[in-house]
Number of protein chains: 4
Amino acid sequence: MKRIGILTSGGDCQGLNAAIRAVAKTLYNYYGTDGVEIIGIIDGYRGLIYGEHRKMSPENFSGILTMGGTILGTSRQPFKLMRVVDENSVDKVSEMKKNYKKLNLDCLVILGGNGTQKTANLLREEGLNVVSLPKTIDNDLWATDKTFGFQSAVDIATNVIDCIHTTATSHGRVFIVEVMGHKVGWLTLYAGIAGGADIILIPEIPYDIKSVIKTINARTESGKNFSILAVAEGAISKELAALPKKQKKAAISEMAYPSISYKIAKEIEDATGRETRVTVPGHFQRGGSPDAYDRVLSTRFGVAAAQLVIEKDYGKMVALVNNRVAAVPLEEIAGKLKAVPIDSEVVETARKIGISFGE
Amino acid sequence: MKRIGILTSGGDCQGLNAAIRAVAKTLYNYYGTDGVEIIGIIDGYRGLIYGEHRKMSPENFSGILTMGGTILGTSRQPFKLMRVVDENSVDKVSEMKKNYKKLNLDCLVILGGNGTQKTANLLREEGLNVVSLPKTIDNDLWATDKTFGFQSAVDIATNVIDCIHTTATSHGRVFIVEVMGHKVGWLTLYAGIAGGADIILIPEIPYDIKSVIKTINARTESGKNFSILAVAEGAISKELAALPKKQKKAAISEMAYPSISYKIAKEIEDATGRETRVTVPGHFQRGGSPDAYDRVLSTRFGVAAAQLVIEKDYGKMVALVNNRVAAVPLEEIAGKLKAVPIDSEVVETARKIGISFGE
Amino acid sequence: MKRIGILTSGGDCQGLNAAIRAVAKTLYNYYGTDGVEIIGIIDGYRGLIYGEHRKMSPENFSGILTMGGTILGTSRQPFKLMRVVDENSVDKVSEMKKNYKKLNLDCLVILGGNGTQKTANLLREEGLNVVSLPKTIDNDLWATDKTFGFQSAVDIATNVIDCIHTTATSHGRVFIVEVMGHKVGWLTLYAGIAGGADIILIPEIPYDIKSVIKTINARTESGKNFSILAVAEGAISKELAALPKKQKKAAISEMAYPSISYKIAKEIEDATGRETRVTVPGHFQRGGSPDAYDRVLSTRFGVAAAQLVIEKDYGKMVALVNNRVAAVPLEEIAGKLKAVPIDSEVVETARKIGISFGE
Amino acid sequence: MKRIGILTSGGDCQGLNAAIRAVAKTLYNYYGTDGVEIIGIIDGYRGLIYGEHRKMSPENFSGILTMGGTILGTSRQPFKLMRVVDENSVDKVSEMKKNYKKLNLDCLVILGGNGTQKTANLLREEGLNVVSLPKTIDNDLWATDKTFGFQSAVDIATNVIDCIHTTATSHGRVFIVEVMGHKVGWLTLYAGIAGGADIILIPEIPYDIKSVIKTINARTESGKNFSILAVAEGAISKELAALPKKQKKAAISEMAYPSISYKIAKEIEDATGRETRVTVPGHFQRGGSPDAYDRVLSTRFGVAAAQLVIEKDYGKMVALVNNRVAAVPLEEIAGKLKAVPIDSEVVETARKIGISFGE
């Protein structure tokens, strides 16, 4: 009898349940429902640290393909605190190892984003058998072309821009849609193109507010009475980007606005006299049913991860490489961030149809 | 040859174009395309004041049924400034009368919310022939059971709550969705019920933060690890609601948060220790294609308004009364607000399934 | 301890689970979870006849607000066979009474359409305590302005027409969308108006194919290169409608086409030479998550039904009358059909914007 | 002054307007609006044959990103008739060449599927400068990983299966959703996986009806009271697939059912006694607004095609190869079909989670 643990960690996103289902279905199909026991670890690594889990049965994985969120619960467990002993003298890493042994697991399947993969690699280094899957709406995981959750989040952010479009044109206003993404701009870039934004500001390409204003004024002069900006949470001005890391952080945390979009809005209003509004869809972008694209991708990843478990090919993350599902050693991934290449074809595509990056 | 003006005023919403189309199609069908000329007034009353308009043709009204926004443009022209002479010595009311005469209009069809209806009534008092339609996502117009735009906005706010639901359950968090509505809670009430919110806070029912916290704690104790609050922009605490009007206004404007939801979130976090997040979909709620419900309602209103024009039955707003389209004298409507009756059947419905209003 | 049975019967639709949830939540809130036991009857009346049921718990009703279908299962049990003893000598009515007694029910809550209400009335006549709710996408239940399921089905059929619109205009084709509704045309009428159909054919208004063809030709001549027809499953030509009932039935069953739309398509192609395509969304129209409108309506109905149970006000169906939830004696409803009044305001609305009914 | 023609040919799909817009915006941006004239050829190759066209202006390409269909119109012009002189003695190929010259075009941009690409290659052979884009919901174009339109059609077919799911479970029925695709099964495969179908039948993998029935019976025995089949229009039984081409064609055309799904439904009902229903969404699958995925892909393709025009790199189709946009010589593509490889990873994925292909 095989015993496989499974956990989801970090911010939730669309497709987690679809991936969990695919892992389970593949294992049950291969080993038979009597040949494998699946242990759900509750609320991510926290459950592994504190020993919270439940024995799953095939019924638990039925009907969850279309469900948002994760049936296992999740929590954020910052990697940098993983080796820190907590306030109750709990040594997290040794607790996780202890619980893994106690549960008598053959392997632990881990679904998560960048931080999660780092901890997965740490567990691998500690001798545990782990297999992982790349989930995040940010699409910022190294070694995979796409993460699941990303496309569904693009759909939602695009829909928001679509709706804002009709109100922007009716009122002749400037509108900023703040899209999730503190470190990378994938989501903003794709939703911005799909939604027909006029200006896209992402962390990878620091903006010059004068350039932004110039673009808006040029539109006004050409008779276009509105402008739409898709702005990533982590958009940053050239001045700020040029600062040393510490000063930059300080400057951001001292910003007198709820978020960067409000600052940009104020600057646009002051410079152009145009009414400028901000919309922040926020967590809305990571919830709800996965779209068809993510359901297929999650299923492919889930099957591939189960296959690694079956083949005892541990220590790897499944990934999409040139449209094919591959397996990449965790040590090659951990700690790396996949940012938008500033001269990539998609960025160039945007530039060529006249979208400004505020450069 | 009849000459009919048409304008949309105030915040845009779904269904404006569907209503405009119905007005135009009915007039063209009745008078023939050679028997009526439709004059589009640009950007609401502003266009009437400053004489901006364009001659419409039947093609302009084709294919707009599903479009959000308004093809005529709109602007906010506060009623209280209508009788004020502006900085260029423009006397707005007399300019509007002058332009109405100059355009040689038989009637002016006006689509708008509460402020718009007040100005429509003013124009009626000044002797112009007007017919109006009730549009607003707020559903706060007196004399009509429903306004168009409302149901489409309910759809969007409900969808946001749906998405937040999956993320709230996965993370075991408290989530606040701030729904549009400064003065009335219709949108929050309906979206809250439709989205399965646990707590609904609306302006009509001032809340007690202790009651809100008690409900959240009771849910936690009963094993429900998350709570969803649908909070209207104009939600107000009992303390504040009890203040005299001036002090209340001052207290609200001095609030140290971007909006009321952030204040409530802070209070919940402090009292319960539960992570509490806020989502503010904002203008997103008034954009995009009208839903099927609003398309039918807008079309019915548009046809009925055109019928009033044809019958020279001026000075009235079309309205939905007991599922039938009726016409109500503008003087009976102007200046009245339709708030949610605090013991209405829908509010009682919510209470009976265990939704708390923070009372 | 109260014991309340609940069953869903007939074709499923959106909002059944939302209504079931509201019934249960209201009862649990009123009696306490220890004060009431809810018995789910499996697969509609069949479960009552053959004694299939399960004891429900509060968790069963959690998270089902947004789910399509019915968690209780359903089946079609034609009313006319209710008093017929079946092939296994089962006398259905007495079995249902026996099982009602055996389960020791205080009341049975029944969700269904026209046939279901007839059987509910029969059970009432037989001395059982019943309370019922009006569900059907057809909106053809007497005594209520709206049934739940209707608006969600309108959304779907409208969406189909929207999609067909873009393909029809691109190809310059005639397109028929066949909308559900064998006896009444509510769904076709509302989706037809909402989708911008050019021609609407419903059972209540028999069509003249020559008139249909004339309308299409007139559109072609005026430069519109496409036409969209929304046709109810039960649309009927004037010739057929004029036949005596038996002959009519025979003629319909002998029709050499899969459905009426294919016949109409052939006639249009033959007469106009225009390529004419048919789309039949079918059962798609009754599935999926209820829209916000139906979620609120189902919840209101569910609460009101539970209230009747609490007040022992049996033998009634909840209904929407002038936007207020009311209770109507089952004997007043049973056997009546609510058809579209052929000169109702909504039909007139369609006529006035130039939609043809093929008259 | 450059003069660039543009046409869309074959069945319409989502993303055509998005691609057209990207071509135009890129050209206007590069040459300036005074440096290029874009000629829209009306209704595909028919317009080129009969000289129907219109001069486009930048405004024509504004606001069309989200629109389904094609602003240029389209028609089906079978490749095999291209070299046939028509009933009015029109030699199509020489007329197309003549009109190309008459319009004084520098290049013709062609958007279409397999047949369209063959004709594009023919025009290239005849000496015209052509650049083409791969559009089709079928995803069956050689040399490109994805075509635009495909993902949007997957979304719609998946949504239909989702809705059918709730009704299938409620009624305990077998349901067949017939998905577009006469020659290839991409759309059925992806929608089947995304929608959670139990059985997927595609042209590439001929089915054995006994295997299909066995799967359904096995589900029934395991307590699953419903089954969902995603069946491609071109699904074919092993018996039929084994016949020589001519006999196969004859057998298919003589089939006594509206489509293959009805035949399969009958066979399932006869063998299992289970009620089996068919839904045929049809043209609905190719209409409506493109999803975010297709909007980005169409934009990338449009920009790349314009770039080929600018660089005078004629005779090529833009394609997606390993997530990068590439250009492939038309002669390498023409006449080839990209079918689903029967042992591809996606097919294996489906098999591993227990989906049957009726083998």
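Predicted model: local features only at pLDDT ≥ 70, side-chain atom pairs only at ≥ 80, totals over all residues.
Local features need pLDDT of at least 70, side-chain atom pairs count only at pLDDT 80 or more, and totals for chains, interfaces and linings use all residues. Residues are numbered from 1 along each chain as its sequence is written, and chains are lettered from A and ligands numbered from 1 in the order in which they are written.

Me: What makes H5(C) oblique to H6(C)?

Reply: The angle does. The axes of helix H5 (residues 150-171) of chain C and helix H6 (residues 186-195) of chain C cross at roughly 45 degrees and come within 8 Å. That makes H5(C) oblique to H6(C). The classes are these: under 35 degrees is roughly parallel, over 145 roughly antiparallel, 65 to 115 roughly perpendicular, and the rest oblique. Axes are lines fitted to C-alpha atoms, for helices over the stretch in contact, with angles from 0 to 180 degrees between N-to-C directions. Helices (H or I, at least four residues) and strands (E, at least two) are DSSP runs, numbered from the N terminus.

Me: Which hand does the crossing of H5(C) and H6(C) have?

Reply: The crossing is right-handed.

Me: Which residues of H5(C) and H6(C) meet?

Reply: From H5(C) come Phe150(C), Ala153(C), Val154(C), Ala157(C), Thr158(C), Ile161(C) and Asp162(C). They meet Trp186(C), Leu187(C), Tyr190(C), Ala191(C), Ala194(C) and Gly195(C) in H6(C). Contact requires C-beta atoms, placed from the backbone, within 7 Å. The residues of this contact divide into 10 nonpolar, two polar and one charged. Ala, Val, Leu, Ile, Met, Phe, Trp, Tyr, Cys and Pro count as nonpolar, Asp, Glu, Lys and Arg as charged, and the others, Gly among them, as polar.

Me: Why are chain A and chain D said to be related as by a two-fold rotation axis?

Reply: Look at the superposition. Chain A goes onto chain D by a rotation of 180 degrees with 0.0 Å of shift along its axis, at an RMSD of 0.0 Å. The two copies are thus related as by a two-fold rotation axis. Of the residues of chain A, Asn322(A) comes closest to the axis, at 2.2 Å (C-alpha).

Me: How do you know that the same surface serves both copies, chain A and chain D?

Reply: 100% of the contact residues of chain A recur in chain D. The contact joins 35 residues of chain A with 35 residues of chain D. H11(A) gives the largest share of the side of chain A, seven residues. By class, that side has 14 nonpolar, 11 polar and 10 charged residues.

Me: What does chain C bring to its contact with chain D?

Reply: Chain C brings 29 residues, and chain D 29. H5(C) gives the most to the side of chain C, with 10 residues. That side divides into eight nonpolar, 17 polar and four charged residues.

Me: How do you know that chain A and chain C are not joined?

Reply: No contact joins them, and their closest C-alpha atoms lie 11 Å apart. Chain B and chain D do not touch either; their nearest C-alpha atoms are 11 Å apart.

Me: Why is H11(B) called roughly perpendicular to H13(C)?

Reply: Helix H11 (residues 292-310) of chain B and helix H13 (residues 345-352) of chain C pack at about 75 degrees, with axes 10 Å apart. That makes H11(B) roughly perpendicular to H13(C). Thr299(B), Arg300(B) and Val303(B) make the contact with Glu345(C), Val346(C), Thr349(C) and Lys352(C). By class, the contact has two nonpolar, two polar and three charged residues.

Notes. Left-handed = near helix turned anticlockwise from the far one by under 90°. Contact = placed C-beta atoms within 7 Å. Least-squares fit on C-alpha atoms with pLDDT ≥ 70 in both.
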